[in-house]
Amino acid sequence: MISTSIAKQNFSAESEDALNQQIQIDQIAQQQYLSTAAYFDRDDVALPGLVKHFLEEAEHEGERAQLLIDYQQTRGGIAVIKDVPQPASTYASARDAVEASLLLEKDVNKSLLNLTTIAANTQDPEFKHFIKSKNLRQRVENIAKVAKGITQLERTHGEGLGLYMYDQAILHNDGEFTV
């Protein structure tokens, strides 16, 4: 039986449910990034820069999910950890994988924007401030970096020496796209 926390104040059930949904979305992103890193680490793909990039993205998503779980508990909510669907594990090209990560980043950002709307509608300025200060800015910057990474990848035509040099630049830039 789940009881109400004595710490809960001005934290609506709608906010709590939406936050649990966001936790799941971040966990889905984490699993997708782990799967993508595993794809690039295969012996027939072998792109260590992209492996490093996607492993770091997976780590960041896990940290964000934990931040949301901690916030949920602090506000007196109950974190509900849900099942995560099987992530994609193969791609037609490096570009397809990076484009998929851009779509994922945009989906996560859209969900965060929905959380700010819920926070405003439920008149919870603390929740709104938390989402804006801890999540939105970083997500918008990530979207811009990935978009620039796609542009750079397009210049290499996604194969051969160009792809190798692109991957090496990421590897030697701490897993970040060189923008």
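**Figure 1. Helices α3 and α4 pass each other in a left-handed crossing.** In this predicted model, helix α3 covers residues 94-121 and helix α4 covers residues 125-155, and the two pack with their axes 9 Å apart, at an angle of about 160 degrees. Because angles over 145 degrees count as roughly antiparallel, α3 and α4 are described as roughly antiparallel to each other. Sorted by class, the residues that form the contact of α3 with α4 are 18 nonpolar, 5 polar and 8 charged.

**Figure 2. Leu115 is a buried residue of helix α3.** The relative accessibility of Leu115 is 2%, and Leu115 therefore counts as buried, a word kept for values under 20%. When the neighbours within four places in sequence are left aside, Leu115 is in contact with Ala18, Leu19, Gln22, Phe127 and Ile131. Of these partners, Ala18, Leu19 and Gln22 lie in the range of α1 (13-40), while Phe127 and Ile131 lie in the range of α4 (residues 125-155). A view that also takes in Ala92 shows a separation along the chain of 23 residues from Leu115, with 34 Å between the C-alpha atoms of the two.

**Figure 3. Asp124 sits in the loop between α3 and α4.** Apart from the neighbours within four places in sequence, the residues in contact with Asp124 are Asn10, Phe11, Arg75 and Ala119.

**Figure 4. Asn10 and His157 each have a positive phi.** Asn10, one of the contacts of Asp124, belongs to the segment before α1 (13-40), and its phi is near 55 degrees. His157 belongs to the loop between α4 and α5, and its phi is near 65 degrees.

**Figure 5. Helices α2 and α4 come within 12 Å of each other, taken between their axes.** The axes of the two helices cross at roughly 175 degrees, and that makes α2 roughly antiparallel to α4. On the side of α2, the contact is made by Glu57, Glu61, Arg64, Leu67, Leu68 and Tyr71, and on the side of α4 by Glu126, Phe127, Phe130, Lys134, Asn135, Gln138, Arg139 and Asn142. By class, these residues divide into 5 nonpolar, 3 polar and 6 charged. An α-helix has 3.6 residues a turn, so residues three or four places apart point the same way. With that spacing in mind, the reader can follow Glu57, Glu61 and Arg64 along α2, all of which take part in this contact.

**Figure 6. Helices α2 and α5 pack at an angle of about 45 degrees.** Their axes are 7 Å apart, and the angle makes α2 oblique to α5. The crossing in which α2 passes α5 is left-handed. The residues that make the contact are Pro48, Gly49, Leu50, Lys52 and His53 of α2, together with Tyr166, Asp167, Gln168, Ile170 and Leu171 of α5. This contact of α2 with α5 has 5 nonpolar, 3 polar and 2 charged residues.

**Figure 7. The protein as a whole has 5 helices and 0 strands.** Read from the N terminus on, its elements run α-α-α-α-α, and its C-alpha atoms fill a box of roughly 60 × 30 × 25 Å along the principal axes. Of the 179 residues, 44% count as buried. Among the contacts with a separation of 6 or more, 80% are between residues 24 or more positions apart.

Definitions and conventions
Residues numbered from 1 in each chain as written. Predicted model: local features only at pLDDT ≥ 70, side-chain atom pairs only at ≥ 80, totals over all residues. Heavy atoms only, no water. Axes fitted to C-alpha atoms, helices over the stretch in contact; angles between N-to-C directions. Helix = DSSP H or I, 4+ residues; strand = E, 2+ residues; numbered from the N terminus. Parallel < 35°, antiparallel > 145°, perpendicular 65-115°, else oblique. Left-handed = near helix turned anticlockwise from the far one by under 90°. Nonpolar A, V, L, I, M, F, W, Y, C, P; charged D, E, K, R; others polar. Contact = heavy atoms within 4.5 Å. Buried < 20%, exposed > 50% of the residue type's maximum accessible area, 1.4 Å probe, protein only.
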